[in-house]
Amino acid sequence: MKNLYPLSLIVVLSFSILSFNKYEDKKTKENKNVNYTYNTVNDSETKDNSEILHDFFRRYSDLKKYKSEVMSLYKTRSFGTIWYDEDEINEFAGILYEKAKKTNDLVVPYQKEIDQIFDNSADKNLSKTDSDMLLSSLYVLYTKKSNADKKKLAYDAMLKDFLNYSTIEESSASATVATDEKVQFEQYYKLQDVLKKYKKLDRSHKWKPIEIEVPYKDLRPDAVSNTIAQVRTRLYLLGDLKQDSKSDVYDRELMDAVMKYKVRNGFKPNYILAEEHIKEMNIPLSEKMETLQLNMERCRAIAAQIATNDEYVLVNVPSYEMVYVKNGKVQLTSPVFVGAPLTKTTIFNGEIDRIVFSPYWTVPQSIVQNELKSKIASDPNYLAEKNMEMVNGQVRQKPGPDNSLGLVKFMFPNPDDIYMHDTPSKTLFDFEKRTFSHGCINVKLAKELAVAMLKDYPEWNQEKIDKAMEGKTENSFKLTKKVPIYITYFTSLVNENGEIGFFQDVYEKDKEVTTENAVVAQ
């Protein structure tokens, strides 16, 4: 199971870093946020580097007038590639391409060839050298257009600033937030940082769909498959793997990465790669980024209330998890199961005012009418066998280990009459999708939650709690300090390890918002 924590770190996507040699200025040396790699141009062993450049401009003659500016870029970099990291186009190339497309009246020779560089579906006929120099020519064209008022341009010096673009972009994004109202829920900024990372990944054009074999067979350790190699690359890009060996063997290294991926995204923690996991990995980055932005807005909505509380319980429906926070620290996390689609758990805020040990369960009339009435009619001993009784015309279940509420419940007044409680059905927590209840929240570690919440009440020591939970007599305790509870609907959250999790839109609330936005846009 993934861990849901409102106090957490953020996953940082890192790249390898090399220097600009003797031309790297002090400012760039000190900037630890900008990482880039240059590789030696090695497509031809028979020509020297300058001859390769001359040959390029003979073949791409419409760019010949920019030859001196382009050559200056490579001379200061010992003729290494600028727009590639190893054999992959880097994020700065993507930034340049997008910015150039948005520049009005910019006429670009060989635009078709440049488009091909970024078209993952196209057959690549261009060499890495040609591609790199086409992009360098595009950079010169873009810079000329963007700085038309300047008489003399130092292209190589300006390139340093351009390669600092990601840092500039992040600073600008932070400045935008700073001018806005401060969001008093730290999770907002964790999601924001992940959004930046996903934008970078999108610009890098490294995200390619994983091809699913037909018919698909579950992939298990030691399997050999082209799909395995693609999964390995995907998990490397997402940060679950430190390196991409390109191996198509489901080895120990990939097993650990798959487990990490599954846990943070709420999948059952095993090594099986089913078709549903591949489909989840194939969700477009654009959809992931939209989900992040949507949940950032949910953070805004909850921030004002949650920021003023030093103690609270947070239940997140899509991740099936409960978190108890006290004094700004997570004290306990627990799996939960929630309302079925037809009896959804209500999303709202409340206050826990009572803890009831060994509770009775007064069966709702809807359940009596729809489920119990026929059973009682056909079996006169049904109520006794289920440890139930009829009181004042209502059916209630007596305290005991088989009581549907388990051995403890947490009450918070609300019009829907739902609450959190223990359950005897512990095996239901083994399921990946846990929408089983009639609306109440069933907590796996209910006893542990009671112990944690009662630490400030000396009379409720472990011995007294154990006795109260023997299932013999109902015992209700009113809290002198009510504990806020937030029943939320976050489909993406960052856990305490800084890992992002994306969860199923179980009640289709994300879908509703997306549909509404689409209608408004029309």
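Residues are termed buried under 20% relative accessible area, exposed over 50% and partly exposed in between, with a 1.4 Å probe and protein chains only. By this criterion, both Y188 and Y189 are buried. The model is predicted: local features need pLDDT of at least 70 and side-chain atom pairs count only at pLDDT 80 or more, while totals for chains, interfaces and linings use all residues. Numbering runs from 1 along each chain as its sequence is written, and side-chain values use heavy atoms, with hydrogens and water left out.

Nonpolar cores were defined as sets of buried Ala, Val, Leu, Ile, Met, Phe, Trp, Tyr and Cys residues joined through side-chain atoms within 4.5 Å. The largest such core has 54 residues, and M322, I352, F357, F410 and M420 have the most contacts inside it. Beyond its neighbours within four places in sequence, F410 is in contact (heavy atoms within 4.5 Å) with I352, R354, I355, Y419, M420, A446, L449, A450 and M453. Another core, of 47 residues, lies apart from the largest one and includes Y188, I210, L254 and Y486.

Rings of Phe, Tyr and Trp (its six-membered ring) were paired if their centres lie within 6.5 Å, with planes under 30 degrees apart counted as stacked, over 60 as edge-to-face and the rest as tilted. The whole structure contains 18 aromatic pairs. The rings of Y188 and Y189, with centres 5.0 Å apart and planes at 75°, form an edge-to-face pair. Y261 and F267 are stacked, their ring centres being 6.4 Å apart and their planes at 20°. Y261 is buried at 3% relative accessibility, as is F267 at 7%. Ring pairs also link F56, F57, Y60 and Y110 into a cluster.
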